[in-house]
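Subject: Structure for you to look through

Dear colleague,

I am handing over the structure we spoke about, with the sequence beside it.

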Amino acid sequence: MAISLQKGQKVDLTKSNPGLTKLIVGLGWDVNKYDGGKDFDLDSSVFMLNSEGKVTDEKNFVFFNNPKSPDGSVIHTGDNRTGAGEGDDEQIKVDLALVSSNVSKITFTITIHEAQERNQNFGQVSNSYVRVVNEASGEELIRYDLGEDFSIETAIVVGELYRNNNEWKFNAIGSGYQNGLAGLCRDFGLDV
């Protein structure tokens, strides 16, 4: 049975699941009734960070235009431009055994494409979640439902996988940003 997390909770992943290396991180959301006349396109992105919380190589920023990390450990499976339908809207595959030794954290984010130009924010989005699934068995291990805490934000850091004494843990973050993907990139050490 999946562990359901609240904002700020951390949970061990590999210690309680010996031999676990291949994960699917599923992200999902629904768009509230919206009459702005423009499409609503949410995107998941992954930042592979060093111990200082920075991306050391722009190729360690994984998203729909750079779908695979250099070490092959993180693969973005594709961009869902509508968020329609049940289940995960976008998925990231992670192979913990392949993660480069200089990566301490793998941070998962959701942003709104062209949010400012389209006058959109996460106040218009509901049912957002992140879940971690054992790829081999299909078992959902961790789920974090973000709730309705966001109103003016255009980007959210939903959670992160991080190393701790040769084990991997998951942290439910749920922090919103008002300056979208560009702000996240700057915070994580990328020039935009």
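Strands here are DSSP runs of E with at least two residues, helices are runs of H or I with at least four, and both are numbered from the N terminus; two strands count as paired if DSSP finds at least two bridges between them. In general, the strands of a sheet pair through backbone hydrogen bonds, either parallel or antiparallel.

Please bear in mind that this is a predicted model, in which local features need pLDDT of at least 70 and side-chain atom pairs count only at pLDDT 80 or more, while totals for chains, interfaces and linings use all residues. Residues are numbered from 1 along each chain as its sequence is written, and side-chain values use heavy atoms, with hydrogens and water left out.

Within this sheet, β3 (residues 22–31) pairs with β9 (residues 125–134) in the antiparallel sense over 8 bridges, and Leu23 has Asn134 as its bridge partner in β9. Strand β3 also pairs with β7 (residues 90–95), again in the antiparallel sense, over 6 bridges, and there the bridge partner of Lys22 is Asp95. Strands β6 and β7 run antiparallel and are joined by 3 bridges, with Ile92 of β7 as the bridge partner of His76.

Strand β10 (residues 140–145) holds Ile142, which is buried, with a relative accessible area of 2%; buried means under 20% relative accessible area, exposed means over 50%, and partly exposed lies in between (1.4 Å probe, protein chains only). Although Ile142 and Ser4 are 138 residues apart in sequence, their C-alpha atoms are 6.0 Å apart in space.

A further open sheet of 6 strands has the order β2-β12-β11-β8-β4-β5, with antiparallel pairing, and its edge strands are β2 (10–12) and β5 (61–62), each of which pairs on one side only. Strand β11 (residues 155–164) pairs with β8 (residues 105–112) in the antiparallel sense over 7 bridges, and in β11 the bridge partner of Ile106 is Leu161, while that of Thr109 is Val157. Strand β11 also pairs with β12 in the antiparallel sense over 9 bridges, and here Val157 has Ser175 of β12 as its bridge partner. Of the 10 residues of β11, 8 are buried, so this strand is largely enclosed by the rest of the structure.

Strands β11 and β12 form a hairpin with 2 residues between them, and Asn165 in the turn has a positive phi of about 50°. Asn166, in the loop between β11 and β12 (167–177), has a positive phi near 65° although it is a residue other than glycine, and Asn166 is exposed, with a relative accessible area of 80%. In the loop between α1 and β9 lies Asn119, which has a positive phi of about 55° and is not a glycine either; Asn119 is exposed as well, with a relative accessible area of 63%.

Which residues lie closest to the centre of the largest pocket? Of the 18 residues that line the pocket, these are Ile112, Glu114, Ala115, Gly180 and Leu181. The elements β4 (42–49), β8, α1 (115–118) and α2 (180–187) each supply at least two residues of this lining.

Taken as a whole, the secondary structure of the protein chain comes to 2 helices and 12 strands. Buried residues make up 49% of the 192 residues in the protein chain, and the C-alpha atoms fill a box of roughly 50 × 40 × 25 Å along the principal axes.

With best wishes

Note on methods. 1 Å grid on protein atoms, 1.4 Å probe; cavity = no way out; pocket = protein on both sides within 12 Å on 5 of 7 lines; lining within 4 Å.
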